[in-house]
Amino acid sequence: MGSLIARSVSSLRKISSCLYRRIGNHPIRVRLFLITFGIILLFLGIIFVTNTLLLQPYYNYMKENMLISTLHKLSELDYSDTDESGCASYSLSTTLKSLEETENIHIIILDDHLDFFYNSTEGTYGDKPLNKYEGAKQLLNNLFIMSGEESRGNGTLDSPAISKRRNPKTDTTYLSLYAVIPAKIGDDISYHYVMINTSISAIEDAVTAFNDYALVLGVFAMMVSGLVSMVLCSNFVQPILKINDAAKRIADMDFSEKLHIHSKDELGELAESINHLSSELETKINQLSVANTQLKEDIRQKERIDLMRRELLSNVSHEFKTPLAIIMGYAEGLQLNINNDEKDYYCSVINDEAVKLNNLAARLLDLAELETGAIMDVSEFSLSELAEERLKTMSYMFAEHGITTEFGTEGNCLLSADAGRVEEVVNNLLANALHHTPDGGRIAVHVSGEDEKVSFSVFNSGSHIPDDSLQRIWESFYKVDKARTRKYGGSGLGLTIVSSIVNLHGGSYSAENTADGVLFRFTLPKNGNENLNTPNN
């Protein structure tokens, strides 16, 4: 039995695998529809086959059990209840008649003399006296088993004789039972002959009618089930299609849409997992994007620093080269024993160039100190007073070139900062304005104090700074007009020092072209930068 079941399961697997390969290339909704429709069709086929092959035998089996059960009920009756002719009394006949109607059977009971004890259709079988027959079994053979099968059983209560018969006159098939039972008559026992007859032709008609009905019902059921399965399959596949679309969007790096599938089954769990995956991927990719952007910025910054380092070395070499060449040339001239007048001139030139080299070296050291975090001497002072004092100090230099100056201030201009460094910023900006203002031009200085900061601005009339140079003027050794810079001996480090000192104080700086000149501005916080390195730190 076990091997048969195993072989059946193996066959079913092979069949299902073959069917799945045949429909495996179709969309899921089509496959689900075909599988559902096939199951319904198989179920209807099983019903039709089993109904045709098994319903009638099962019905006959149930009828046989019913006849045997009825026989046992008859054996328990009291057969002493008779009328004047010796037949069943009215009350006993009523009981037997009720049993016939209930079970749809026909009962004939003969007494031990083969006379009718009970027959609800008496006279049906002709006028010949029944007691003329040689025995009850002969009666059964001649009367009830016409054109029928041989009987099963020996005709006792425990093994009644049962046979199917067909009446050619009525074209009806019957199932008949014959047995001899012990009948209780008071305290005595008498043997009665019982014959029970029931029609089974109805079951054949019923099977035919049921098959016809099942065929019509099956066609209708297949149509309805096909439509229902299509709708159900579409509803079932819809979440899968949404999940597929979401997966495609995630593959295209689109994490904006979320799945709204709230079912508690595996599809709902899958939707939640994809939403979680989408969120995690979006977070990680954003983090990677930020890190990548920062890395690119770091690389650009490093490249800028490398470029500035190379330019610094080049500019320093260039700035030192010219004074050194002059010094070396005039020193060689001194070695030629030139006259005294020329010696004095040669020595003054050497001294001037040496001073320039010393100033350049000092500025480079100052810039290096600022960029590495200079020690600041923080104190409270007024930026407006400092700016006004420096403007007055340099007034003779402005007057030499016929430059007019203006000064304005407003608000509270007190701040906490390194006064010496801030003074250096003001000096550099005023010197820059002086060197780029044409003779007879104008310079205007303005200082203003606000709630948390103090601003300084200096305007000088004259030519504009090219737009592509506005941001580069703060770089070391960058010179917009190199001829002008050489004329007044500038090194190109003044504005770089300005930017470093302002940054060290946590301020900001800018340069912009105006209608008739250039405006430089820097702003410092009143309370100083918290990161300032002071002697007390």
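This is a predicted model: local features need pLDDT of at least 70, side-chain atom pairs count only at pLDDT 80 or more; totals for chains, interfaces and linings use all residues.
**Entry 1**

I began with strand β4, residues 172-185, and found it mostly covered, since 10 of its 14 residues are buried; I took buried to mean under 20% relative accessible area, exposed over 50%, and partly exposed in between, with a 1.4 Å probe and protein chains only. The strand boundaries I used, like those of the helices, are DSSP runs numbered from the N terminus, with helices (H or I) of at least four residues and strands (E) of at least two. Residues are numbered from 1 along each chain as its sequence is written, and side-chain values use heavy atoms, with hydrogens and water left out.

I then followed the pairing of β4, where two strands pair if DSSP finds at least two bridges between them. β3 and β4 form a hairpin with 4 residues between them, and D171 in the turn has a positive phi of about 55°. With strand β5, residues 188-199, β4 pairs in the antiparallel sense over 12 bridges, and here I185 stands opposite D188 of β5. The hairpin of β4 and β5 has 2 residues between the strands, and G186 takes a positive phi near 70° there.

**Entry 1: the whole sheet**

Which order do the strands of this sheet take? I read an open sheet of 5 strands in the order β2-β1-β5-β4-β3, with antiparallel pairing. The edge strands are β2 (116-119) and β3 (161-167), each of which pairs on one side only. Direction ignored, neighbouring strands are turned by 20° against each other on average, the axes being lines fitted to C-alpha atoms (for helices over the stretch in contact) and the angles running from 0 to 180 degrees between N-to-C directions. At the β2 end, strand β1 (residues 106-110) pairs with β2 in the antiparallel sense over 3 bridges, and I108 has N119 of β2 as its bridge partner.

**Entry 2: the nonpolar cores**

I looked next for nonpolar cores, meaning sets of buried Ala, Val, Leu, Ile, Met, Phe, Trp, Tyr and Cys residues joined through side-chain atoms within 4.5 Å. The largest has 38 residues, and those with the most contacts inside it are L383, L429, V445, F456, V458, F520 and F522. Elements that each supply at least two residues of this core include α8 (383-393), β9 (442-449), β10 (453-461) and β12 (517-525), while the largest share, 7 residues, comes from α10. Taking contact as heavy atoms within 4.5 Å, I listed F456, V458, L495, V498, F520 and F522 as touching L429, not counting residues up to four places away in sequence. A second, separate core of 25 residues includes L67, A88, L99 and Y118.

α12 is followed by G506, whose phi is positive, near 75°.

S455 lies in strand β10 and is buried, with a relative accessible area of 12%. I noted a polar contact of 3.0 Å between the side chains of S455 and T523, a polar contact being a pair of N or O atoms within 3.5 Å, where within protein one must be able to donate a hydrogen and the other to accept it, and residues adjacent in sequence count only if both atoms are side-chain atoms. Leaving out residues up to four places away in sequence, S455 touches H446, V447, S448, F522 and T523.

**Entry 3: remaining checks**

L227 lies in helix α5, residues 201-251, and counts as exposed at 56% relative accessibility. The C-alpha atoms of L227 and F33, 194 residues apart along the chain, are separated by 9.2 Å.

I also searched for disulfides, defined as a pair of cysteine sulfur atoms within 2.5 Å, and the count comes to 0. C87 is partly exposed at 24% relative accessibility, and C347 is partly exposed at 40%.

For the protein overall I recorded 12 helices and 12 strands, with buried residues making up 35% of its 537 residues.
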